[in-house]
Structures are given as C-alpha cells and as structure tokens.
Amino acid sequence: MKRDRLVKRLLLSLPLAALLAAAGGYAGSGLAGNADPGPPLAAAPSSAGTLSFSVDGVPLAFSSASPYLEGSTLMVPLRDLASALQAEVAWDAGAGEATVTRQGEAVVIRLADGTASRRASVYPLAPPPVLTGGSTMVPLRFLSESLGFAVKWDGPGGRVAITSEEHALQAVGSEEKLLQLLAAGAQPTTGIAERAMTTAESAAAAPAAGAAKDAAPVSAQKAKEAESHSTTNVQVEGVDEGDIVKTDGKYLYQVNRGRVVITSAVPAAEMKPVASLQLEDGLTPLELYVEDGRMIVVGHTYGAITVRPMPASGAGTAERASQAKEMMPAASRAQTRAVVYDVTKPETPVKLREVSLDGNYVASRRIGSSFYLVGNQYPRYYGLKRDDEARKREPIAPAYRDTAGSGDWTLIGYDKIRVFPDTQPNAYLLVAGFRLDSAEPAQVNAYLGSGQSVYVSADHLYVTMAKYEAAPASSAKRKSLGSENTSIVKFLLDEGRVRYVASGEVPGRVLNQFSMDEHDGYFRIAATTDGGFAKGEPLTENNVYVLDESLMPAGQLIGLAPGERIYSVRFMGTRAYMVTFRNVDPLFVLDLADPQAPRMLGALKIPGYSDYLHPYDDTHLIGFGKDTVELPTGSKASGQETAAYYQGMKLALFDVSDVANPVELFKETIGDRGTDSELLRNHRALLFSRETNLLAFPVSVAEVPGGAAVKNGAPAYGEITFQGAYVYRLDLANGFQLRGKLTHYTEAELAKQGRMGGQPDKQIERLLTIGDGLYSLSPAQIQVHDLGTLRQTGAVPLP
C-alpha cells in the first residue's frame, strides 16, 4: 500500500546500520503485504546515547527520557522533540492520543492502536509509540518529516541534524540581492569534484535506510483492469510519467496535433472518437496522465499575464491589503500548465483546476493522487535599469497561478525565493506539488537555479544542474576534473508537498534520467567527464558516484572507458549496466552492493551501441541502439586511423547471469544507415511484456539499394522504405522473432517515401494493448490488430 510505503520511509531510523550492531529492517503489521519487510525488530531496545542531535543548528538535548533504538527506528520523547520543532502538543487522556501541531500541520499519535493520522490518512506505526517512565516515545523521523523538517545523519560525526528549508537555504531577500546573484552567479566552492575521498570517510559513511519498493494502493478490480491493458513504460515502478497516449482500458487519450482526442476503444470494430479538446489560451499539450476518472494535461503557451504585485517593503497592514487587490500587466512570457479534467464521462470532459508556472516545462510525475510539476523560468534582468519607473513595473520575480486558490497570477516574494548552495544561478527552478483528490491549493516553491535532468523515486525528487568551471592549466588536473560538473538537488515528496533536503555535486555531465537512481537510501549517478583533447584523443572518462542521503560522497568508481562517453545506463537493484562508445560498444556490469566500494564485475565489447537499456528479467537486458561499422579515416596525422559510423537500428539481448562474462545472446539489425526510432530517444515509445513475449516499437526503416555502400569514405544513407511499427516475439530460447510490420501508410505512399519519409501525420507514435487487441496510434489514425494473429480488427481515422 502507498500508505505503508510512506510510513516505512518515515519510520526507518537514521542510517545507523554501519555504526550500531542493533540496526535492522522495518517489520510490523503495517507492511503485511510488503514483499521485503526486512529482519524482525530487536528483542530489546539499544541505547542511542552516543549520538548528538540538533534542530536548525541548535543542539537538542532530551531531558525527559533518553532516546533509544528499537530495531532500526530511533525513538525519542515526544514533548522534547515537539518543543525543539516549535510544535504544540495537546494530550487527550481519555482517547489516549496526542495531537502535535506546527504551522497548521497536525499529526495525531495514538497509543491505543499504535497509529498516527495526518491529513485524513491513518498510518500504522511499527514499532508503535509507547509510554515509558511517564514519557511518550515516538519515531523521530516520522514526526520530524510529518511536521515539515528533513532529517540527516552524519555518519563520521555521529550527529543527527533536523533541518527546516528556511534554515538550510538562504532567502534572496530583496530585488537588489537577486540582481546581484543573477548577474554574478554563485561563486564555486569545494565540492565532490575537488574532494579526495579517504578510505576512512567511505567506511564511516553509514548506509541510508531505504524506502520500500513503491506500491501504490490498488484494489482487486483495478488490478484486474491493469492486467487487461498496457501502461506507459516508466523508469520507476509506481511513479507515472506523462506521455502522448494513455488508456484506462476503455478509452484512448491522445495528444494529437495541438489538441487532446479521446476515443472509445472497445469493442475494436466500433471504435470512434468521442471528444476533441481544444485547450484554452493557445495552450499546446505536451503530454498527459489518466487515473481514477481524471486526466491531467501538461502543456505550454506564451503570452502576457496580469500579476498580483508584491507589497512594497515596509508597507503597513492596510497598505499591503490595498496593494494585494491591485493587478498589473507583465510582459509576454512562457508558461507551463497542468490542467486537471474530470473524465468520468469521457465524451464531456469537465475542467476541475489549473496550475500554471511562469516559465518552461522541465518534467512532471504522478505518484498515486499526488502530482508534481517542475519548470525553469529565465528572468528578464539583463540591462534592466531598476530606477526606470517603467522597468520597475516589470516583475523579475517568478509567478504562478492556481485556480484552486485565488485564481490570479501571484508573484513569489523575494523572501520566499531560496538559493541553492554552490550553484551558478541564471534562472529560477519552480517546483509545484498538489493533490488530485483535494481542492487544497498547490504548494509552489521557487529557487535560484535551473533544472536539466530529473529523476523521481517513490519518495524523492532529484534535479540536476550543469555547473561550468574554467579548465585549469594543468592537463593532468583538467583530465580529472573536466570543465563541467553536475549539481544535484534533492527534495522530499510528501503527499503533494515538496521540501528541500540536500544538495551535492559530482564531476562531469549526466546523460539523462536513467543516469540516476535511488536504492536503499543511496543516490547513484553516472557521469562523463570531458577534459578536452590531447594528441587528437578525447580526454573523457566515465564514472559512477554513490552519495548518501545527505548527498555526501559514500563511494565511487572512476576511470571507466577512457576516451569514450556514456550512451546508456540502467540501474537494477545492487547492479548497474553502462554502455559507452567510441569505436566499439563496451557493456559494463557494475556491482553496487557495497555503496562504499562499487566495482566493475565484467565487460563485453561488441560492435554498435545501445541508446536505451531495458530489463528483461533479473539476469537479462534488452539493448536498443545502432549497429556500427569501423572504417579507415585515411589520415594518421590525427592519431585516429579508424572511425566508427552508425548503421541500422540494432536490438540485442544480453545475458548477465555470469557477471564477469556478459554475453550477447541474440541480436537483430533493422535497415541501413538512416533507420531511426523514437525509442532511441524516448523510452515511453516501447511496448514490452515478458509475460506475453511481446515487443513492439515505432520505426522508420532506411535501406540502401543493392546493400550497404561506402561513399567518400563513409557509409551511404538509405532511402526510407517503411514507416510504422515492428512487432516481435521475444523469449530466451529463440531471441527476436519478427511477427509482423504495422503501418498506417498505403503501399503507394510507402513507395514514395524517399530520403525524408512521408506524411508525418501517418507515422505510428505509440503502441498499446487492451485485452487481445494491439492498438497503434498516429496523429491521423488508430488501428487495432489481433494480438494472436496480427489480423486487423478495427480502424478509425482521426479528423
């Protein structure tokens, strides 16, 4: 259950396993359905007297009772902790419960049944709160995080730090300070890139206790429905990602040529569009979500807005109230919006609410009924003369709008904009969160920074930002540091609310979201450092870093495949698989079981490369990429006598059961140079089911007449001969077996494709299954084929 997973995260104690022998896993009735509840609790509590505690930097002493460990959960006296968190405690002796309140957030702790309630949700606590010597002992992490704090463990120092975002991050404070920060950027300080990790530090970094594998609540009926239709291919189970097509098993919801088209999908022979939704204010839909009778459309637009100004500094209560009623125009700007619709009657979608952010779209995720939206906003500050009255009225602070609140565009005050440590801000990072099942206004946080790649686990949001540094003169140092580092910011996701937790930094550049992963409380990230060139050879290296829950270094594996760069990464539990490329494709198998000492187990070098790695099972991987051919360059002066050229699309099935000797079991090559698939850039284009041996994806096939040819020292590009989708049967015994090709083009249209392809409206973009039907969708048409025979059973044009 989602609730149990949240409780497990909140209850798991500070990561003490490496320091205290009593550390163990979570156990109890609250995780009755969890597949991996961990070892049982210790028979007797263990003392935690050697630890030191602080709240926002102020030492915390427990006077009413001593903290202790029960299993891996740190229990502390309720009143002492609540007092330090500036929370109020109201005790109801008759009910046997305590209500703890801070800044409008209330948590009810019940001794009678060992539960806690928050925001109308009830959480079973294990171990339960207990009354000991007149003191009520409660889990430290649960109560602290429930009241809006982050909990961090300093392994080497044996310190527990409880911090609020207000304390952890400095506020901008004023427009003058904001302009200074935007113009100059934060000064780089010592980070992981310049810090040599010692063996002592690595050994002392205690492993963070991890959250349970995400398991959102699913009723028996919904589980049955889920089995009857496919879902979007996502990175993390239980963390939904937006896509251009979704289905609820009865209807298809499709981003289609600047609108959203809803089509009745079953029965296939009676398929028909039932709604075509043109969005307001010129909003262009980018992707959507569908769940529990709701559709969330994420899109962007550009236009002028009217904002509610920030009250002038020093204004009195009456003046602030008067200013709050005013609205002022602002210049045209990019806007990102999430629009929620009621689609219980898909023929007539009803708009429920809209959350808009000032700026460009970065990413979004849905976890259960919680929705999260991330955007970048680039302020207009260059050349501004703030003493110019006209310029004064053009706000440089970011704004947002929530129709569940005032419905007005509202500027975020300078006292609410926070600055990440050790970043080079030239923009704002806006992070919004809200509940889909509640009318409570969205929480929108603004930070100086910008987001590039985003990784989201069941519990945390990680955002990366590029940080450029001038290359040192020393070539040796240049090789180790590179010219670009990656800043990482970690947020806690809490039922539609977002809180800053920590910041970190690693050398190099991150490829995409699959370069990141969270496992057992540790954050793993792969990056390529670029040190320029020496004698015509690229000075690149590929590294994997393991960071603890505070994003401090725990372990690293550096120097993989010098001279190459990362093309794809897949983290799977305690293993990681990395593909690098220059002339050949090394597939590295990495062991991350010991976070302090990651190591390489084996490697396989083969022609070609994989842009995307997908798990087949625990010991097999599917690679999607390009085949390559190595040809002489005809020049020895450059130091590179041969060069690799990509060819057709390549599928590969890898056996990694023998980690020291990975094997390419099967491979399949499609077309010649020029063959392409959206799957190589977007994992959501893949349809795969190991249970039914189904593998399908969109593809445009290019072929060179008469076979591959070399022109001017390089392979020739082919002519487009097919655009549609390939459907395979895939199993470990026979590998890739092409079952059929689906297309929305006529034979005559395919014959006229040429180098550039045909009418884009007929290119298949997604495939999905409902029951025994295989649905292929292009902007112009939807077709249905029988899964068993691939015989067409239905089709409908989309106007």
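1. A residue is called buried under 20% relative accessible area, exposed over 50%, and partly exposed in between. Keep in mind that this is a predicted model. Arginine 257 sits at 40% relative accessibility, so it counts as partly exposed.

2. What does arginine 257 pair with? Its side chain meets that of aspartate 761 in a salt bridge, 3.1 Å from N to O. The two come from distant parts of the chain, 504 residues apart: arginine 257 is in the loop between strand 17 and strand 18, and aspartate 761 is in the loop between helix 11 and strand 53. Aspartate 761, at 24% relative accessibility, is partly exposed too.

3. A search of the whole structure turns up 34 salt bridges. One of them joins aspartate 494 to arginine 499 at 3.4 Å. Aspartate 494 is buried, at 2% relative accessibility, and arginine 499 is buried at 11%. Both belong to a salt-bridge network that also takes in Glu105, Arg118, Arg119, Glu440 and Arg497.

4. Have a look at aspartate 437 and arginine 435 as well, whose side chains form a salt bridge at 3.0 Å. Here aspartate 437 is partly exposed at 45%, and arginine 435 is partly exposed at 22%.

5. Threonine 336, in strand 22, has 0% relative accessibility and so counts as buried. A polar atom of its side chain lies 3.0 Å from the backbone oxygen of glycine 359, and one lies 2.9 Å from the backbone nitrogen of tyrosine 361.

6. On the surface, Val663, Leu665 and Leu732 make a nonpolar patch with about 210 Å² of accessible area together. Leucine 732 belongs to the loop between strand 51 and strand 52 and is partly exposed at 35%.

Notes: Residues are numbered from 1 along each chain as its sequence is written. This is a predicted model: local features need pLDDT of at least 70, side-chain atom pairs count only at pLDDT 80 or more; totals for chains, interfaces and linings use all residues. Side-chain values use heavy atoms; hydrogens and water are left out. Patches are made of residues with over 30% relative accessible area and no salt bridge: like charges are joined within 9 Å, nonpolar side chains (Val, Leu, Ile, Met, Phe, Trp, Tyr) within 5 Å. Accessible areas come from the Shrake-Rupley method with a 1.4 Å probe; for residues, only the protein chains shown count as cover. A salt bridge is a side-chain nitrogen of Lys or Arg within 4 Å of a carboxyl oxygen of Asp or Glu. Helices (H or I, at least four residues) and strands (E, at least two) are DSSP runs, numbered from the N terminus. Buried means under 20% relative accessible area, exposed over 50%, partly exposed in between (1.4 Å probe, protein chains only). A polar contact is a pair of N or O atoms within 3.5 Å; within protein, one must be able to donate a hydrogen and the other to accept it, and residues adjacent in sequence count only if both atoms are side-chain atoms.
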